[in-house]
Amino acid sequence: MHLKGPFVTKPVVLIAEELSPATVDALGPDFEIRHCDGADRAALLAAIGDVDALLVRSATKVDAEALAAARNLKIVARAGVGLDNVDVKAATQAGVMVVNAPTSNIVSAAELAVALLLASARNIAPANAALKGGKWQRSKFTGIELTDKVAGIVGLGRIGLLVAQRLSAFGMTLVAYDPYVQPARAAQLGIRLVELDELLAVSDFITVHLPKTPETVGLIGDEALHRVKPTVRIINAARGGIVDEHALYVAIKEGRVGGAGIDVFTSEPCTDSPLFEFDSVVVTPHLGASTDEAQEKAGIAVARSVRLALAGELVPDAVNVEGGAIADEVKIGLPLTEKLGRIAGSLAEAAVEAVEVEVLGEVTEHDVKVLELAALKGLFSALVQDPVSYVNAPLFAADRGVEVSLRTEPESEQYRNEVRVRLVLSDGRTVIVGGTVTGPRNIERIVEVDGVDVDVPMAEHLAFFRYVDKPGVVGVTGRLLGEAGINIANMQVGRDSEGGHALMVLTVDSGIPGQVVAQISDQIGADSGRTVDLPA
């Protein structure tokens, strides 16, 4: 929520294309919902200026110009899988999170690919058109069976695997090309991994399931289409341009390809293509995600991402920050690590040159890279005035030449799991803050500051005093805070030796004014006195 005087203003969410009603339901009542036609460039630029979140499908172009016009934008959510219409690099530079719904339409897309393959095999589209035109032409539209034919799957990701499972049920032999899949894994699924040249040569049907990248554009082009069986059917329900449409047209025209099923085109909307002249080509207008179920899944998924992003939380479906599945054991440590980073930044008395995040204990069995990101978010929240998010925290580090590293150890001497944030400062000093999460209620605790062992529960208001160990410090501190009307909730004193360096950590019920901190520091002879106020 944004607070403005006595009034509460809701974050603004702009829905720029038609989305499932479930999207708005999933957003809930905490947002101001606006609508515009994202395909209308002028309307989009006029509407985007003060919005916090933008929800689109494929027709809205979110480029650098749109991002520059969106002064408050924190997240762009694409209700679907592809991000061809979103400039992710420009969004990252602007500190804007980009999310999609990577699993929302995979079943729908896989089913459409199979539908196009079947329609091509059995001449469904031309037979339908002929019969509705009054012509009964059974002999003209004789097709072929799928059983015992070879299906070549180009791209064995989530959709490719679903297609493989479905085609296997038809009794087809499955081969696949995907340089990022291990042969043993494919073999477990009944799929033989081959090089692309072999797939082209042996397949009766070739179905494409790759993302659109500079490497995949034109992958099935003129050269590839000279290596296929003359009876092959080419299916593309992935992305336009992976199959070269002109090369495909020429191959069908010359009898080097038997037919095709095409759902996506290089330029969309496409209402006039040379491919349309062939009865052996069945086409659909990018319907891969166009099912009620897929639209609802996509809308709900991005609505949840918007809620998380605007609450400052990590979003698993973000494509320009650490995302993906996060183990529950790691999730527990995210808030703790962010707070440790913020505390460390608040205690730093010189510029930060390097950050090392150290993770110890059983949690290192999982991928803990995201904890590094959490520490950076907390650190720079303490050091800069600009809003810091999981998106732009690494950019703050890069812009300031701060080296960032992550170190893991499978064992922790004292705790089941522990996280330490260590800062190297420009004057050669270091700041170290360690913490852990304990008990069934996952209580966050500070357990180390600059090599001194402490045990203090994490709190909204903290204070740290460094001084030379001597009698009377606790009494003076308590008296001065009492005179200021500030109640101490917890106090922990640690030292490296009798009469040596000492550290006092306090949690208090309200923030300590700067003049009180200065007064305490003066009367106890503190080397430094710092307060840290953590977000509630």
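Me: What makes a residue count as buried or exposed here?

Reply: Buried means under 20% relative accessible area, exposed means over 50%, and partly exposed lies in between, with a 1.4 Å probe and protein chains only. The model is predicted, so local features need pLDDT of at least 70 and side-chain atom pairs count only at pLDDT 80 or more, while totals for chains, interfaces and linings use all residues. Residues are numbered from 1 along each chain as its sequence is written, and side-chain values use heavy atoms, with hydrogens and water left out.

Me: How many aromatic pairs does a search of the whole structure find?

Reply: The search finds 3 aromatic pairs, where rings of Phe, Tyr and Trp (its six-membered ring) pair if their centres lie within 6.5 Å, and planes under 30 degrees apart count as stacked, over 60 as edge-to-face and the rest as tilted.

Me: Why is the pair of Y249 and F278 called tilted?

Reply: The ring centres of Y249 and F278 are 5.3 Å apart and their planes stand at 35°, so the pair is tilted. Y249 lies in helix α11 (residues 245-253) and F278 in the loop between β13 (259-262) and β14 (281-283), so the pair ties together parts 29 residues apart in sequence. Both Y249 and F278 are buried.

Me: What makes the pair of F265 and F276 edge-to-face?

Reply: The planes of F265 and F276 are at 90° and the ring centres 6.1 Å apart, so this pair is edge-to-face.

Definitions and conventions:
Helices (H or I, at least four residues) and strands (E, at least two) are DSSP runs, numbered from the N terminus.
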